[in-house]
Amino acid sequence: MKKNISLFLCSLVFVILFGCKGGGEKAQDTITVKGSDTMVQLAQRWAEKFMADHKEVGLQVTGGGSGTGISALINGTTDICMASRPMKDAEKQQMLIKYKVPVTETVVARDGITIYLNSANPVQELTMEQIKKIYLGEIKNWKEVGGSDAPIITYGRENSSGTYSFFKAHVLGNKDFANNVQSLPGTSAVVNAVKKDANGIGYGGAGYAKDIKECGVKKDAASAALLPVKENIDNNSYPLSRNLYLYTSKAPEGKTKEFIDWILSPSGQEIVAKEGYFAVK
């Protein structure tokens with residue numbers, strides 16, 4: 001329970017200020033990183049390792065959602081934006097107008113949005129159409145998809161979340177979620193809710209799928225049910241595969257460039273795998 005509370009607080013606002021020199025001397029450079037709650041724990045691990053090897057650099061990492069991070073980048077209040085969805089054309093245009101150069105997009109990891117079920121749920125797989133109908137409120141009972149005779153309780157993310165936006169676009173066809181979907185502030189909160197609710201279903205990043213049942217996802221009724229594992233993410237066969245991004249207002253330079261280059265190095269990508277995500281090729 002304490003671990004879940006800790007993860008929940010981390011996904012809301014995680015701040016790490018480290019990298020000061022011995023004797024309390026202030027770090028020479030501070031890089032701010034803000035955005036995706038899906039990526040915040042991954043960014044925390046990157047920050048800890050990078051700063052351990054670069055004592056002259058401080059990193060400040062906060063969550064809040066992809067939309068929050070993108071707004072901060074546009075407003076000039078963060079150096080790096082984390083996003084679990086690509087920036088929209090309108091957002092890129094805002095950046096171009098303000099900074100006179102195109103925003104720089106870097107794919108730093110791969111993910112598969114995972115469908116979370118309670119461990120007591122007998123359902124093993126769902127089609128994309130079934131997931132869509134569940135979150136639109138058209139399928140309301142688990143017996144309609146091969147489960148027990150019990151109401152389906154749906155959990156999801158708030159609308160500032162990149163995961164919310166991706167799910168809405170790629171699963172719901174940009175239709176609105178049903179009114180009874182419970183929106184929670186962070187993927188760890190979704191996982192925790194489904195763990196406690198025998199009739200619950202949720203969605204979120206693969207890195208959070210710990211101590212919970214992962215539901216196989218079928219592209220259609222005739223397809224095989226797949227889980228978000230490395231092979232299925234690498235070949236894009238998993239229906240909910242996606243990229244995870246870092247954005248900067250211009251081509252990164254100095255310590256910011258050094259940090260992003262390191263993330264793409266074998267050392268940085270090793271951390272991606274350890275955190276339950278998938279390295280970029």
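Modeller: Asp211 lies in the loop between strand 9 (200-204) and strand 10 (213-218). Strands (E, at least two residues) and helices (H or I, at least four) are DSSP runs, numbered from the N terminus. This is a predicted model, in which local features need pLDDT of at least 70, side-chain atom pairs count only at pLDDT 80 or more, and totals for chains, interfaces and linings use all residues. Residues are numbered from 1 along each chain as its sequence is written, and side-chain values use heavy atoms, with hydrogens and water left out.

Biologist: What is the phi of Asp211?

Modeller: Most residues other than glycine have a negative phi. Asp211, however, has a positive phi near 60 degrees. Asp211 is also exposed, at a relative accessible area of 66%; exposed means over 50%, buried under 20%, and partly exposed in between (1.4 Å probe, protein chains only).

Biologist: Where is Lys100 placed, and is Lys100 buried or exposed?

Modeller: Lys100 is in the loop between helix 4 (89-99) and strand 4 (104-112). Its relative accessibility is 65%, so Lys100 counts as exposed. The phi of Lys100 is positive as well, near 70 degrees.

Biologist: How many helices and strands does the protein chain have?

Modeller: There are 10 helices and 11 strands in the protein chain. Its radius of gyration, taken over C-alpha atoms, is 19 Å, close to the 19 Å that the globule rule (2.2 Å times the number of residues to the power 0.38) gives for 281 residues, so the chain is as compact as a globular protein of that length. Of these 281 residues, 54% count as buried.
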